[in-house]
Amino acid sequence: MKVIKRVPRLKKRPSKVWLIAAVVAGLIAIVGIVAVRDWYNRNLEPVNHSSSETRYFTVASGSSVHKIAVDLEWAKLIRNAKAFETYVRSKEYNDKLQAGTYVLGPSMNVSQIVNKMVEGEVAKNLFTILPGKTLDEIKQAFLHEGYSKGQVEEAFKPANYAGHPALASLPRGATLEGYLYPDSFQKLADTPPRQIIRASLDEMNKYLTPDITTAFAKRGLSIYRAIILASIVYQETDDPEAQPTVAQVFYKRLSQGIKLESDATTSRFNTYENEGLPPKPLSNVTDSSLKAVANPAKTDYLFFVAGDDDVIHFSKTKAEHEAAVARYCTQKCR
């Protein structure tokens, strides 16, 4: 019998192609890491190194890091909200940013802004009107500052500000609901409440620009009705990025004769039961909510729900909406 000897197979060496691919992948990874690091560091720098401008920025009690970051970016006080959030979390400052009104400027970097908030270096001698507040809540803020009830009630009469351009659209007999723009105002011991209210109306007038009011008219809304819609948009979400799409949903519902079904209205003019807009604003509004009503998103949604993660989830059909509610809103929607 002939014996056949088996010749052991030689192990294949990695081909040059694989070696080259591995090297290229490694280089790409390194370049990616360097690029991300460069992006991060760049976005921690001031928005404008040479600016001497300062402005007030308010952190409301209970604000999340994400909310603070988005508001800072919207106010053009930081370059990027995501970079701000990353910095705060990397320093383990998540729960250390203190509420209050701060004096900030575009020449400050993220580290300087965060340090101010961690140390609670709030501005002094200020009266702050917070966003999304009703007229009654704003009155309570004045009372809390030591003004008498008589002073406050007298100061809140619209007749005191007759001829003010911000009130040109105010219907006869209406209150100042929706028209007191949220901001911080200098207040000394002898500053009368009327002076603060007038300053707030001055701010509101800055945002009722001809471009904005013309955009309202093109969508069939008077300035007053636009402010009503902006107040609903703000009450649904204070995220400037989501507000234009929320506005789009409400516009589509109005155009199709569908009830708004806004949770923000359930304790006042209930839009689950009544068609159209409420008869007056729900609260004061912000620049971003006014812009959202003037220039809604070019989307085609009919529903939305705020999830447990505070992210707005939009849907085009009832079935999609119900699925989104079941998936994203197991706690808040109960």
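## Second largest pocket

In this predicted model, the second largest pocket has a lining of 22 residues, with Glu261, Asp263, Tyr272, Phe304 and Val305 lying nearest its centre. Two or more lining residues come from each of helix H9 (223–236), helix H10 (243–255), strand S5 (303–306) and helix H12 (318–328), and S5 gives the most, with four residues. The space in this pocket is about 440 Å³. A pocket here is an open set of points on a 1 Å grid where a 1.4 Å probe fits, with protein on both sides within 12 Å along at least five of seven lines, and lining residues have an atom within 4 Å of a point.

Strand S5 runs antiparallel to strand S6 (residues 312–315), to which four bridges join it, where pairing requires at least two DSSP bridges. Ala306 stands opposite Ile312 in S6, and five residues separate the two strands of this hairpin, with Asp310 in the turn having a positive phi of about 65 degrees.

## Basis of the values

Residues are numbered from 1 along each chain, and side-chain values use heavy atoms, without hydrogens and water. Local features need pLDDT of at least 70 and side-chain atom pairs count only at pLDDT 80 or more, whereas totals for chains, interfaces and linings use all residues.

Technical notes
Grid points are joined across faces, edges and corners, and a volume is the space filled by probe spheres set on the points.
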